[in-house]
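Start by looking over the chain as a whole.

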Amino acid sequence: MTTAYGKLTWEEVRDADKDRVVILNVSATEDHGPHMPLDTDTVLGMAVAEGVAAAAPDEVLVMPPVPYGFNEHHKDFPGVIWIQPETLLAFVTDITASLAHHGFRRILLLNSHGSNHPVLDLAARKTVIASGVICVSASYWNLMPARINAIRTSETGGIAHAGEFEAAMYKHLQPDLVHLEKAAKQVVHNPESRFFNLDLAGGGGGAMLMRWWSEVSPDGTMGDPTVADAETGRRFLEAAIEETTALVREIRALPILTRRDHHAPTTRKA
Ligand SMILES: [Zn+2]
């Protein structure tokens with residue numbers, strides 16, 4: 001059976017193993033510097049999802065992606081399509097409600113655009129409450145910070161948006177669409193800061209401020225794409241696929257638990 005959800009017939013869905021983990025990639029359509037296309041987050045997120053499907057063909061199904069996300073702060077750059085977080089939350093939870101209705105019990109919301117992270121975290125929590133199924137959200141870079149740091153050549157701050165990580169992987173996948181001759185290094189990371197860190201493998205910071213993107217980046221880049229290399233990109237992608245496959249296997253092994261309502265008074269002997 002194919003792992004592509006969209007290629008199934010309704011009878012195949014009816015008969016499918018409902019403990020397969022259904023992967024839904026949610027991404028964005030937005031500026032990625034002058035050197036990369038608007039579809040970067042979708043291309044990379046689906047490369048991870050499809051890589052997992054190739055590695056574990058009997059364990060997953062891959063949904064068609066949601067190629068738009070929460071990114072209104074990018075709209076000073078032409079081409080950005082932004083979705084309000086309330087709309088995205090409602091849209092994604094309608095998809096998960098549909099999957100639960102058809103009997104699927106294990107869903108992974110695989111995020112490939114940073115600002116979707118809190119929205120998909122809420123969507124997963126709402127799905128659990130509404131449907132009782134297992135629904136997990138994860139931004140794929142968060143599954144492998146140590147591996148990113150072992151592979152990268154850029155300093156902290158070099159991997160945030162359209163930087164070394166994304167440019168290297170896109171270059172590995174579709175080299176003709178990455179124009180590093182137009183790329184510039186835009187590292188805005190402040191090593192003095194105790195609380196702010198937007199590097200995707202920098203351990204995060206304890207606090208978050210998302211400014212208008214045009215305030216912090218002159219050309220849409222945040223990071224260092226100038227050092228991006230296709231072989232490094234292949235290794236980043238391989239690590240992402242391996243770690244996401246490991247996550248999928250953990251999700252498949254999670255027990256389905258039963259709620260217990262504690263409102264009814266217990267009858268205890270005095
Ligand atoms: Zn991106």
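A crossing of two helices is called right-handed if the near helix is turned clockwise from the far one by less than a right angle, and left-handed if anticlockwise. The term returns below. The model described here is predicted.

Strand 1 covers residues 21–26. It pairs with strand 2 in the parallel sense, over three bridges. Here Val 22 stands opposite Leu 61 of strand 2. Strand 3 and strand 4 are joined by six bridges, again in the parallel sense. In this pair, Leu 108 stands opposite Val 136 of strand 4. Which helix does the chain pass through from strand 3 to strand 4? The path runs through helix 4, and this β-α-β crossover is right-handed.

## Helices on the sheet

## Helix 3 against helix 4

Two packed helices are described by the angle between their axes and the distance between the axes. Helix 3 (residues 85–101) packs on helix 4 at an angle of about 40 degrees, with the axes 9 Å apart. The crossing is right-handed.

Helix 3 contributes Pro 85, Leu 88, Leu 89, Val 92, Thr 93, Thr 96, Ala 97 and Ala 100 to the contact. From helix 4 come Val 119, Leu 120, Leu 122, Ala 123, Lys 126, Thr 127, Ala 130 and Ser 131. Eleven of the residues in this contact are nonpolar, four are polar and one is charged.

## Helix 2 against helix 6

Helix 2 (residues 40–55) and helix 6 (residues 164–173) have axes that come within 10 Å. They cross at roughly 70 degrees. Helix 2 and helix 6 are therefore roughly perpendicular to each other.

Which residues of helix 6 meet helix 2? They are Glu 166, Met 169, Tyr 170 and Leu 173. On the helix 2 side are Thr 40, Val 43, Leu 44 and Ala 47. The contact of helix 2 with helix 6 divides into six nonpolar residues, one polar and one charged.

## Helix 2 against helix 8

Helix 2 also packs on helix 8, at an angle of about 60 degrees. Their axes lie 9 Å apart. That makes helix 2 oblique to helix 8. The crossing of helix 2 past helix 8 is right-handed.

Ala 47, Val 48, Gly 51, Val 52 and Ala 55 represent helix 2 in this contact. They meet Leu 237, Ala 240, Ile 241, Thr 244, Thr 245 and Val 248 of helix 8. Eight residues of the contact of helix 2 with helix 8 are nonpolar and three are polar, with no charged ones.

Definitions and conventions. Residues are numbered from 1 along each chain as its sequence is written. This is a predicted model: local features need pLDDT of at least 70, side-chain atom pairs count only at pLDDT 80 or more; totals for chains, interfaces and linings use all residues. Two strands pair if DSSP finds at least two bridges between them. Helices (H or I, at least four residues) and strands (E, at least two) are DSSP runs, numbered from the N terminus. A crossover is right-handed if, with the strands pointing away from the viewer, the path from the first strand over the helix to the second runs clockwise. Axes are lines fitted to C-alpha atoms, for helices over the stretch in contact, and angles run from 0 to 180 degrees between N-to-C directions. Two residues are in contact if their C-beta atoms, placed from the backbone, lie within 7 Å. Ala, Val, Leu, Ile, Met, Phe, Trp, Tyr, Cys and Pro count as nonpolar, Asp, Glu, Lys and Arg as charged, and the others, Gly among them, as polar. Angles under 35 degrees count as roughly parallel, over 145 as roughly antiparallel, 65 to 115 as roughly perpendicular and the rest as oblique.
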